[in-house]
Amino acid sequence: MAIPLSWYLIVAAALFCIGFYGVLARRNAVAILMGVELMLNAVNINFLAFWRYVRPEEPLGQVFAIFVLAVAAAEAAVGLALIISIYRTRKTINIDNIDLLRG
Amino acid sequence: MLQQVIFILMAIFTLGMALGTVTARNLFHAALFLVGTFAGVAVLYVLLEAEFLAVSQVVVYIGAIATLIIFAIMLSRSMMGKEAGAMNKQWLFAAGGSALLFIVLAMLLSKVPFATQVAPVPPDTIEQIGSSFVGVYVIPFEVASVLLLVALIGAIMLARERHG
């Protein structure tokens, strides 16, 4: 095939690391959620790349990617609802200021 | 050859958009960069001959999740770009850590030999996906649908305005 498997894996790794940086470094809770979405997308690229290059005759990789998609949708809905709820009670979604559980 | 050129262009586009997502100071710009990233990933899916997932990516991620994120930004917009900066105190460590993780992963992935094959994709892949959802993977499928229902009800309960 024209494109080697490792290219896809390296692009997915780069996307995952960018999302990881977003999760660790951003101060806004919505931006952190965006980083999580980037990481989930990177995982899906890996699932599809392995499906295409290792076992294209079985749809296992695609099925897994669809489950990741469904869980990502559920995660986004609950996460954003939590953020809106926190914003209502604390008037901020800056992660540095949401430290009620700090001992 | 053409495929490789398209792949490299789309990879650069996707990663650039992703970098914009995590570095943009204005949260709304970050959300628009996120939409670009999702579109780039959908093109990568097309290059992998996974058309069903490419369409699902556009419908679910761009159509639903990005819209949801933009709504959340608008509902909590009082701090858009006005405070001291988008990054927290540990951003330098985070950047170093993720760069290190990427270097290690890239070195590993370019060296490990995977048992790849050049078999063509069967023409009835979408049919296979559909029948496996009501066959082999019926229990995970049902669990996923229950999860979505629970998440929906939970999201409504969490975001509801409470009186008294």
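Biologist: Why is the meeting of the side chains of A:R52 and B:E49 called a salt bridge?

Modeller: The N to O distance is 3.0 Å. The term asks for a side-chain nitrogen of Lys or Arg within 4 Å of a carboxyl oxygen of Asp or Glu, so this Arg and Glu pair qualifies. The model is predicted: local features need pLDDT of at least 70 and side-chain atom pairs count only at pLDDT 80 or more, while totals for chains, interfaces and linings use all residues, and side-chain values use heavy atoms, with hydrogens and water left out. Residues are numbered from 1 along each chain as its sequence is written; chains are lettered from A and ligands numbered from 1 in the order in which they are written.

Biologist: How many salt bridges are there between chain A and chain B, and how many residue pairs in polar contact?

Modeller: The salt bridge count is one. Polar contact applies to 13 residue pairs, both residues at pLDDT 80 or more. Such a contact is a pair of N or O atoms within 3.5 Å; within protein, one must be able to donate a hydrogen and the other to accept it, and residues adjacent in sequence count only if both atoms are side-chain atoms.

Biologist: Which helices of chain A supply at least two residues each of the side that touches chain B?

Modeller: Helix 1 (5-25), helix 2 (29-53) and helix 3 (60-90) do. Helices here are DSSP runs of H or I, at least four residues, numbered from the N terminus. Helix 3 gives the largest share, 22 residues.

Biologist: How much area is buried between the chains?

Modeller: About 7,200 Å² is buried, 75% of it from carbon and sulfur atoms. The term covers the accessible area (1.4 Å probe) that two parts lose on being put together, summed over both. In chain A, the residues losing the most area to chain B are A:Y21, A:R26 and A:M34, together 10% of what that side buries.

Biologist: What does B:T14 touch?

Modeller: Leaving aside residues up to four places away in sequence, B:T14 touches A:L15, B:T37, B:G40 and B:V41, where contact means heavy atoms within 4.5 Å.
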